[in-house]
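Let us walk through this model one contact at a time.

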Amino acid sequence: MVGKNCFAIASDRRLGVQLQTIATDFKRIYKVHDRLFLGLSGLATDAQTLYQRLVFRHKLYQLREERDMKPETFANLVSAILYEKRFGPYFCQPVIAGLGDEDKPFICTMDSIGAKELAKDFVVAGTASESLYGACESMFKEGMEPEELFETVSQALLSSVDRDCLSGWGGHVYVV
Amino acid sequence: MSKSVIETPPKGGFSFDLCKRNEMLAKKGVNPPSFRKTGTTIVGLIFQDGVILGADTRATEGPIVCDKNCEKIHYMAPNIYCCGAGTAADTEAVTDMVSSQLQLHRYHTGRESRVVTALTLLKRHLFNYQGYVSAALVLGGVDVTGPHLHTIYPHGSTDTLPFATMGSGSLAAMAVFESNYREGLTRDEGIKLVTEAICSGIFNDLGSGSNVDICVITKGGKEYLRNHLQPNPRTYTSSKGYSFPKKTEVLLTKITPLKEKVEIIEGGDVMEE
């Protein structure tokens, strides 16, 4: 979710195999660099593989360009990597959030084959995405400060995962 | 003696190495996630000075609207634009790819791109994948030979028409075109007709909605009217918004200040020879 010169990215903490819970503190949001975070929902093994591939590409980029990747560029990279597997896709949906030039927040989500969806307010992904759309749509306000943004994101996340059996056990929230 | 597997960098194009695994997972009951479609109304028409393309702005994921304001009119060349319906990733990827190929072709030949070049590149790619790349496109542009409008179906067949509609709302839009289209429309009449056609798709088709995007291409240049009409504004927004008196229970807070950027001092010590 986007705020005033900041963004927040949140995920739940449950890892499960259909109805059985395997872990209650699973980290789904990964840091790519200080101002760019990536959340990956879906099959955990694909999420980890995809994250390792992307970190590899980002490190190569850092070596070549001697700077961090911009969020828009990173979103294009993720989209290309996912579309490459169009006919045998990775089973995960990424949520990308970063601060671009002049601290302008950038958020984007994709489906599992890389169709980018840029938004100015919020993006959602995962099993509870339908409830999340509803919760975020009503709770979002323009230009929220970090504290208020944190509160809004947590409330939206918690209320939506409470209505979904496959998500739960609290949440991790990153506000940048 | 180690059995080394040389990892060659991918040559581009599709890679099918996860297909077997996905089949195995499907048998075990893990179904692949659904793709985002653009269940759309896209239209194009030729008027006296050029081409007008129009599209709605709704992207759906099953029955849910995932993007209320997405862009379906894609840039191909300064004088050629393309609207896409079908699977969102396919239309975006195919139009980006052909746009880059057209740019390279422009550098190669030193001339403005022609609409038939874009048409042939698109239809060859789509036929190659026998309709599995699910992109239905309306391609329009003005080049040295005049204004052109084409439709391209996912299996690779094309039509050249004076007015065309594609997508789930195509029947609603075609009804409007068939009753009101005539040769030699002026710019304003053309825009009005395209807007009417898209609106009929928006209001009568469940897969299309939100706003109307228009792109007018003439010999002189192009005009991209993003959100030309917004017939579906959000009603009943609460001005107070939500307030949460009972705060979220925080278990752990970790604040990491970001590293300060390194200051470059001009005219530092000169290296001794």
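Start in chain A, where the axes of helix H3 (residues 129-139) and helix H4 (residues 146-161) come within 9 Å and cross at roughly 150 degrees. Axes here are lines fitted to C-alpha atoms, for helices over the stretch in contact, with angles from 0 to 180 degrees between N-to-C directions. Helices (H or I, at least four residues) and strands (E, at least two) are DSSP runs, numbered from the N terminus.

The model is predicted: local features need pLDDT of at least 70, side-chain atom pairs count only at pLDDT 80 or more, and totals for chains, interfaces and linings use all residues. Residues are numbered from 1 along each chain as its sequence is written, chains are lettered from A and ligands numbered from 1 in the order written, and side-chain values use heavy atoms, with hydrogens and water left out.

H3(A) passes H4(A) in a right-handed crossing (the near helix is turned clockwise from the far one by less than a right angle). On H3(A), the contact (heavy atoms within 4.5 Å) is made by Ser131(A), Leu132(A), Ala135(A), Cys136(A) and Met139(A). Residues of H4(A) in this contact include Thr152(A), Gln155(A) and Leu157(A). By class, the contact holds 6 nonpolar, 5 polar and no charged residues. Ala, Val, Leu, Ile, Met, Phe, Trp, Tyr, Cys and Pro count as nonpolar, Asp, Glu, Lys and Arg as charged, and the others, Gly among them, as polar.

Now turn to chain B. The axes of helix H4 (residues 170-180) and helix H5 (residues 187-204) of chain B come within 7 Å and cross at roughly 145 degrees. This crossing of H4(B) and H5(B) is right-handed. H4(B) brings Ala172(B), Ala173(B), Val176(B), Phe177(B) and Asn180(B) to the contact, while H5(B) gives residues including Leu193(B), Glu196(B) and Gly201(B). The classes are 7 nonpolar, 4 polar and 1 charged.

Finally, look between the chains. The contact takes 46 residues from chain B and 37 residues from chain A. The buried area is about 3,700 Å² (accessible area, 1.4 Å probe, that two parts lose on being put together, summed over both). Carbon and sulfur atoms give 57% of this area. Arg36(B), Phe244(B) and Thr248(B) supply 16% of what chain B buries against chain A, more than any other three residues.

There are 4 salt bridges between chain B and chain A (a side-chain nitrogen of Lys or Arg within 4 Å of a carboxyl oxygen of Asp or Glu). Arg86(A) forms a salt bridge with Asp90(B), their closest N and O atoms being 2.5 Å apart.
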